Amino acid sequence: MRPRQDIVEIFSTFIQFDLDRFSNWASDPRLRRSMNQCLKESPQEIAENFWGIYWHKKWSKNPKGLAREHLIAYLQEVCFWSTNKTITGFTSSQYNVPDCFQVAITGIDKVLKGFDGDRGYHLKSYATITFSNLIRELLRQRQEIDICSEWSLLRKLSQKRLIESLQNAGLSPDTVAQYVLAWSSFKTLYVPNRQSSTRKLNKPDEFTWKAIANWYNQERITQLNPPGEAVSTTILEQWLLSCVKAARSYLYPNVTSINQPKPGYESGEIVDSLVGDVEESLLNQMIVEEEVEQRNQQQNQIGDVLIQAIAKLPADERKLLELYYAQKLKQAAIAKALNTKQYNISRQLTRVKKSLLKSLAIWTEETLHISLTSDVIKNTSTIIDEWLEHHYNPNP
Amino acid sequence: MSTLLNPNQLILEISAVTEQKAQNKSQKAATSYSEWQTYLNQLVLDTFVDYAQEEQSENVKKAQNMESIGELVNGTVLNVGNARIILIPSEADDLEELRVPQEWIDIPQLAGDYYLAVQINIDDRYLRVWGYTTHQQLKTDGNYSVSDRCYTLDGIDIIGDISALWVARELCPDEVTKAEITPLTEITSQQADNLIKRLGNKENLLPRLAVPFTIWAALLSNDAWRNDLIAQRCDKATFSVLKWLQAEASNIISEIGWRQVEFQPSTVGARGNNATATSKTALAKQLTIAGQSYELKLIPVEEDTYGFELRSLVLGGMIPAGFTLRLLTETREGFEGNEDTATTATESLYLEVALDAGEGLIWEIEPTPEDYQAQVLYF
């Protein structure tokens with residue numbers, strides 16, 4: 001892949017794939033114009049990561065505006081490399097880069113919501129871990145639905161995922177409501193028994209189907225508007241199998257759409273007049289040398305606190321951080337390297353994270369005079385995620 | 001189990017012992033629906049409590065009176081220090097949402113400070129604690145779903161780092177976690193009896209959705225009524241003292257920890273005026289309070305008058321100062337002479353009440369005995 005150099009390009013172009021390889025960078029004219037205008041307005045040269053922070057600030061004021069598109073463009077390489085690294089080692093032919101890239105980049109809001117706009121520094125590092133987690137989670141979920149029977153899969157859906165899948169399949173709101181009620185009737189009356197696998201549930205028997213249909217036909221009167229027709233067990237079975245199909249294709253988005261315009265192109269609702277809406281005050285305030293200075297300084301301080309905290313950890317916990325963040329080993333490999341059981345790794349990582357979080361939270365309260373709440377601690381946690389990723393992988 | 005992990009999420013193994021215990025516990029459930037729900041609740045509670053006790057310096061305890069709630073509602077509860085943590089088990093394999101039954105939010109007696117999203121993978125025998133939120137956040141950012149009476153929070157809005165919870169407990173234990181809860185309307189014991197009869201029928205598969213929430217909440221907020229409803233659904237006998245004093249009842253009552261004992265009326269001391277030489281039957285329940293063994297006795301004194309007596313089971317043992325034995329009406333109201341407190345260490349605590357046939361009482365002891373279940377005793 002040819003890396004992008006020019007700042008305008010970095011914030012206004014998108015990866016194009018040719019089959020499952022990188023092909024070229026495609027430029028979005030609106031974003032290009034918007035970025036050019038910003039550069040004109042800015043009093044001095046601004047480092048790339050500060051443009052990231054700037055657009056993140058604008059995004060938090062208007063999550064649906066152009067800022068989001070700029071950030072999607074900005075995070076293309078990070079998403080590409082996270083995808084590549086994460087799926088290495090998965091031999092299945094089902095996992096290809098464009099497909100996982102697409103799923104990861106649509107999870108952009110998780111990156112943007114999680115990143116701490118006030119104290120964050122390396123948006124790219126934060127995006128790297130978030131994308132990696134998203135892809136790992138996607139692969140895990142695919143493995144699970146691949147080995148589940150239809151009837152098991154139905155029990156393993158959240159209501160929200162089911163609704164999204166059905167909407168994604170293009171069903172009308174009334175039909176979605178009917179299917180959801182059919183699904184919840186099924187879940188109420190068809191319960192696994194503990195002796196058998198929850199992944200291998202058989203088709204319900206005749207008696208259970210009747211009970212599900214009775215339940216549905218009774219509930220539809222109060223729960224659905226309009227209540228619709230009473231349904232037979234045959235119809236119910238069809239509906240539920242449609243739910244299964246919709247849920248499967250939700251996790252395997254159509255690969256032909258890869259060659260379609262990327263996110264950023266398709267949002268036709270963003271009118272052109274938005275381009276050029278540079279918020280001067282924010283830009284100036286952002287770019288005043290003082291602010292840059294201050295953030296740099298704070299980032300260094302945070303680094304000092306965390307480096308000290310890491311130095312105080314027992315040797316095996318330091319090793320664990322190294323294996324996880326720098327070498328990106330999988331759980332089983334870490335367990336082997338540290339000669340312990342897999343379950344212990346999760347607990348140990350949580351413990352290490354807790355001790356770093358505690359150190360930085362105390363520092364935040366004492367030095368920055370911010371009083372602690374769950375919310376502040378949550379943000380502090382994302383700062384640590386970001387810092388650890390950057391510390392162990394300085395060049396994303 | 002999966003080879004992929006996110007260091008912010010906690011993965012806990014379900015042990016064979018815990019699994020077996022959950023199976024045993026759920027066998028008594030009323031329906032296959034509640035059996036499965038009880039099973040999952042129990043797996044999550046025991047596994048998480050074991051973990052928290054190992055990792056947390058604060059005192060971690062299962063909440064009193066709550067272990068059977070899986071018969072009625074999804075979710076389970078523990079106390080960590082002075083915080084109440086609600087665990088919400090889910091079979092869903094995706095992490096799209098946290099779905100909390102309204103009971104855990106809008107009933108003051110049940111509401112918690114923190115809510116943990118717990119995914120269960122039965123086949124691979126592990127739990128994944130993938131995030132948490134507070135009562136306040138659920139109330140402000142959550143959506144209310146009318147069809148299943150749940151508050152839902154999008155996965156993206158959940159605090160995804162579970163260690164943040166422990167650090168918050170340590171560094172800001174007094175933060176405000178709860179939004180205001182509207183007080184519940186009250187119901188009479190007559191209404192409660194009728195509801196328990198009606199909803200106690202297990203043909204009623206989802207009792208929580210069978211009556212308006214305000215009524216359901218009033219019923220559920222009372223420990224004893226809730227336990228009665230559960231007992232009724234699971235075909236467990238409700239506690240009828242007169243019936244249980246009869247010889248043939250000895251099997252039923254032993255199931256819930258009571259037994260019949262013979263006593264000489266004179267042992268009740270000067271209070272037993274009608275003392276005769278013949279022995280009578282009383283009911284006794286062994287209790288563990290703060291690690292020590294005690295016995296609560298229910299003694300028929302005269303017709304319609306009963307004595308409640310608490311003694312140490314240790315030879316020569318005393319009741320420490322500060323212990324209180326208390327009786328409440330079925331609707332949890334106090335009445336004159338309903339408490340006996342040990343101001344100094346004392347041999348026994350004793351209360352005597354006169355009752356009309358059919359009246360109900362709830363007993364309580366402070367400090368609360370282990371495995372205490374509030375239950376209405378009918379006379």
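1. Sheet β5-β9-β8 of chain B. In this predicted model, chain B has an open sheet of three strands, ordered β5-β9-β8, with antiparallel pairing. The edge positions are taken by β5 (97-101) and β8 (143-145) of chain B; each has a single partner strand, so one side of each is left without a neighbour in the sheet. On average, and ignoring direction, neighbouring strands of this sheet are turned by 30° against each other.

2. The β8-β9 pair and the loop that joins it. Strand β9 of chain B covers residues 150-154 and pairs with β8(B) in the antiparallel sense over three bridges. Across this pair, B:S145 is opposite B:C150 of β9(B). The loop between β8 and β9 of chain B holds B:R149. Although B:R149 is not a glycine, its phi is positive, at about 50°.

3. B:R125 belongs to the loop between β6 (114-121) and β7 (126-134) of chain B. Its phi is near 55°, a positive value in a residue other than glycine. How exposed is B:R125? B:R125 is partly exposed, because it has 18 C-beta neighbours inside 10 Å. Both B:R125 and B:R149 may be worth a look at the backbone.

4. Cis peptide bonds. In chain A, the bond that joins A:N225 and A:P226 is cis, with omega at about 0°. A:P226 sits in the loop between α12 (206-223) and α13 (233-251) of chain A. In chain B, the peptide bond from B:E366 to B:P367 is cis, and its omega is near -10°. The loop that contains B:P367 runs between β18 (360-366) and β19 (377-378) of chain B.

5. Domains of chain B. The assignment divides chain B into domain 1 (10-171), domain 2 (189-233) and domain 3 (239-378).

6. Contact between the chains. Chain B brings 43 residues into contact with 46 residues of chain A. On the chain B side, the elements that give two or more residues are β1 (10-13), α2 (32-55), β5 and α5 (162-171). The edge strand β5(B) of point 1 is thus one of the elements on the side that touches chain A. The most comes from α5(B), with eight residues. The class count for the side of chain B that touches chain A is 23 nonpolar, nine polar and 11 charged residues.

7. Chain A overall. Chain A has 19 helices and two strands. It has 396 residues, of which 38% count as buried. Among contacts in chain A with a separation of 6 or more, 69% are between residues 24 or more positions apart.

8. The annotated span in chain A. An unreviewed UniProt entry lists residues 306-356 of chain A under "domain: RNA polymerase sigma factor 70 region 4 type". In the model, the span 306-356 of chain A is 78% helix and 0% strand, and its end C-alpha atoms lie 7 Å apart.

9. A:I310. This residue is part of helix α15 (residues 289-311) of chain A. Is A:I310 buried or partly exposed? A:I310 is partly exposed, because its C-beta neighbours inside 10 Å number 18. Apart from neighbours within four places in sequence, A:I310 is in contact with A:R318 and A:L321. A:A67, 243 residues from A:I310 along the chain, has its C-alpha atom 36 Å from that of A:I310.

Terms used. Residues are numbered from 1 along each chain as its sequence is written. Chains are lettered from A and ligands numbered from 1 in the order in which they are written. This is a predicted model: local features need pLDDT of at least 70, side-chain atom pairs count only at pLDDT 80 or more; totals for chains, interfaces and linings use all residues. Two strands pair if DSSP finds at least two bridges between them. Helices (H or I, at least four residues) and strands (E, at least two) are DSSP runs, numbered from the N terminus. Axes are lines fitted to C-alpha atoms, for helices over the stretch in contact, and angles run from 0 to 180 degrees between N-to-C directions. A residue is buried if 20 or more other C-beta atoms lie within 10 Å of its own, exposed if 12 or fewer, and partly exposed in between; C-beta atoms are placed from the backbone. Two residues are in contact if their C-beta atoms, placed from the backbone, lie within 7 Å. Domain bounds come from an automatic or database domain assignment. Ala, Val, Leu, Ile, Met, Phe, Trp, Tyr, Cys and Pro count as nonpolar, Asp, Glu, Lys and Arg as charged, and the others, Gly among them, as polar. UniProt positions are given in the numbering used here, feature names are shortened, and annotations may be inferred rather than shown by experiment.
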